[in-house]
Amino acid sequence: MLCPRKYLSANAWRVHLAHDLQPYQCTYKNCDDERRIYGTREEWLEHEAQHSLAWHCRLHAVSEEFETRAEYKLHLRNEHPDAPPELSSEELIANAVAQSEHPRRDCPLCPTPLSTSFERQKHMIYHLERFALFALPLLEDDEESQQSDHPSRSNRGQNIGREQSIACDFSQGAISFSTDANDTSAAIDNTIIEEASLVSEPRFQGHDFQNYHVDPQGKPDGTTSRKSPAPIMRIAVAGGGGFAELLVQELSRTANSVMVLSRAPHAEFEANYDCQVVVVDYRNIDSLQYTLQGVDLVISTFSGAEQLNLIDAARRARVRTFVPSEFGGPLTMTPAPKFGPFDKGSSAALERLRHWASSRHNPMKYTVFSCGMFYEHFGPGGLEAYNIMGTTCRHCLGGTFIDIQLGKAELPDGNSQGHPVLINLTSAVDVARFVAAAVELGIDSWPLEFTMRGACITPQRIQTLCSEVRQVQFEVISRPYAEIIAWIDYYENHSDEERWLAMQQLLQIADGRYTFESANLNELVDFEPMGFRQWLYDNWGPREDRDTDEKAIKAERQLETPEKLDLRIHLGEATAH
């Protein structure tokens, strides 16, 4: 039986192979379910965690662990006599139970010393996945290969190389890989596809596989050289809104395992996409930490105190990289905390991430994806109609400065020096595609900030395009910079919050809140984001005009050379592309 064509890519084949081999089973003695096998890491990790539970005292800067309930209660009584009495209640004692961060045993298969539970899990996964490769059938040589004087060029060479390579994992001399959890993860994923390729892919037959060996660091020695694919990851998308769904849709098309964290069930996610939905309480950091065990990447789509709890839980669970809900303007133009409605906890989240990224103990990387304004900000019904209102596209408050439905616009005339202002914009659909494409590049190479865009135009050009698509003359009010400042003071003194927010948004635009020169992620992906004009036609244009002439779009994009863009910026114009 042949596997479907969708498994031809390296990442998809890796997941398919692991699912077929069912490589994971309990590694503890006297387990009540010791004969059960698991097809995914998530199921196996959840089972293994039940064998390494401990009571955690969170009253210390670094929590202390106790193996028994009695030890924990004795500790509270002797070390924290002044603690609130409810801390000793049965409910809070039960809530103190979580997976131990320290391994209580060494590897049962080799003498490798392990310092953390996370390292032990990664190490055991490596063993189990490699060990399961023995289940693959040995290849038989054809008549021509049997007569060959070079066994290394026959299937015998492939079989011998595979057996020796796997057996080497359990020896004293080839175990240094496990001291680095990240390197181990890469070795785990690369080894499965490399070893499976040796015994199942015809295009590799005839190579000198006897001298080809994937060492425990995931790097081939010998003369053969092939580029290893990005390792499979477990990705958690936090949130159940419209933008979260777009992310899940794109990420589930990759070979990675996708988990959705939500306050409420979302059966439609599991029905429509290859993902798992987990209902969580963002107020309970210990519970979040347990849920995030084994997760490599967390992508948040909400802000505020709950995102701070998610950041702390991710760091405790040793998540490698965190993507905060900072989809908007560049980091250099983040509003100050005093602009509360526009900050929305952004400063606190970034400060917390900087702190954990610089921690000497268990640092966690983070990357911000800056996309400017969402196109959907200008859609019928605004962001709320797309179920992303006020969550992911930060600082988009006070209503849009262009009301396409009513044909009205209130625009900043320029910045504080009187120069034209540019706005970067991207559709939410394309932002999700950009994020998924970045994941495929490998998170270890991510910079502190990715910038992307579908268009870079002035507010005046946005209004012109809206008028053109709607085929109506807009009522336009142009506000000089000094006038915007004056109106902000006026509306604040008269407690008109709605108009104050509208003026604050104009000020953000005039100050370059959505302006960045380069889009570094655009240069790395292999797709063309939708242009703003096309998006407007799709959402606002007459039905018969929504299939815009492709030649006109391509001609306009050809005008968008760096030199011509600089010229139009100087003139106050920049074409949507």
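Which residue of β12 does L297 stand opposite? L297 stands opposite T321 in β12.

This report describes a predicted model, in which local features need pLDDT of at least 70 and side-chain atom pairs count only at pLDDT 80 or more, while totals for chains, interfaces and linings use all residues. Residues are numbered from 1 along each chain as its sequence is written, and side-chain values use heavy atoms, with hydrogens and water left out.

Helices (H or I, at least four residues) and strands (E, at least two) are DSSP runs, numbered from the N terminus. Two strands are said to pair if DSSP finds at least two bridges between them.

Strand β11 covers residues 297-300. On one side of β11 lie L297 and I299, on the other V298 and S300, and all are buried (buried means under 20% relative accessible area with a 1.4 Å probe, protein chains only).

| Strand pair | Sense | Bridges |
|---|---|---|
| β8 (residues 234-238) and β11 | parallel | 4 bridges |
| β11 and β12 (residues 321-323) | parallel | 3 bridges |
| β15 and β18 (residues 423-426) | parallel | 2 bridges |

L297 of β11 is also the bridge partner of I235. Together with helix α12 (residues 305-316), β11 and β12 make a right-handed β-α-β unit; right-handed here means that, with the strands pointing away from the viewer, the path from the first strand over the helix to the second runs clockwise.

Strands β15, β18 and β20 form, in that order, an open sheet of 3 strands with mixed pairing. Its edge strands, β15 (373-374) and β20 (455-457), each pair on one side only. F374 has T426 in β18 as its bridge partner. Helix α17 (residues 459-470) lies across β18 and β20, running at about 110° to β20 (axes are lines fitted to C-alpha atoms, for helices over the stretch in contact, and angles run from 0 to 180 degrees between N-to-C directions).

Helices α9 (residues 242-251) and α16 (residues 428-441) have axes that come within 9 Å and cross at roughly 45°. That angle makes α9 oblique to α16, since angles under 35 degrees count as roughly parallel, over 145 as roughly antiparallel, 65 to 115 as roughly perpendicular and the rest as oblique.

Helix α2 (residues 41-49) is largely enclosed by the rest of the structure, because 7 of its 9 residues are buried. These are R41, E42, W44, L45, H47, E48 and A49.

How values were computed
Contact = heavy atoms within 4.5 Å. Buried < 20%, exposed > 50% of the residue type's maximum accessible area, 1.4 Å probe, protein only.
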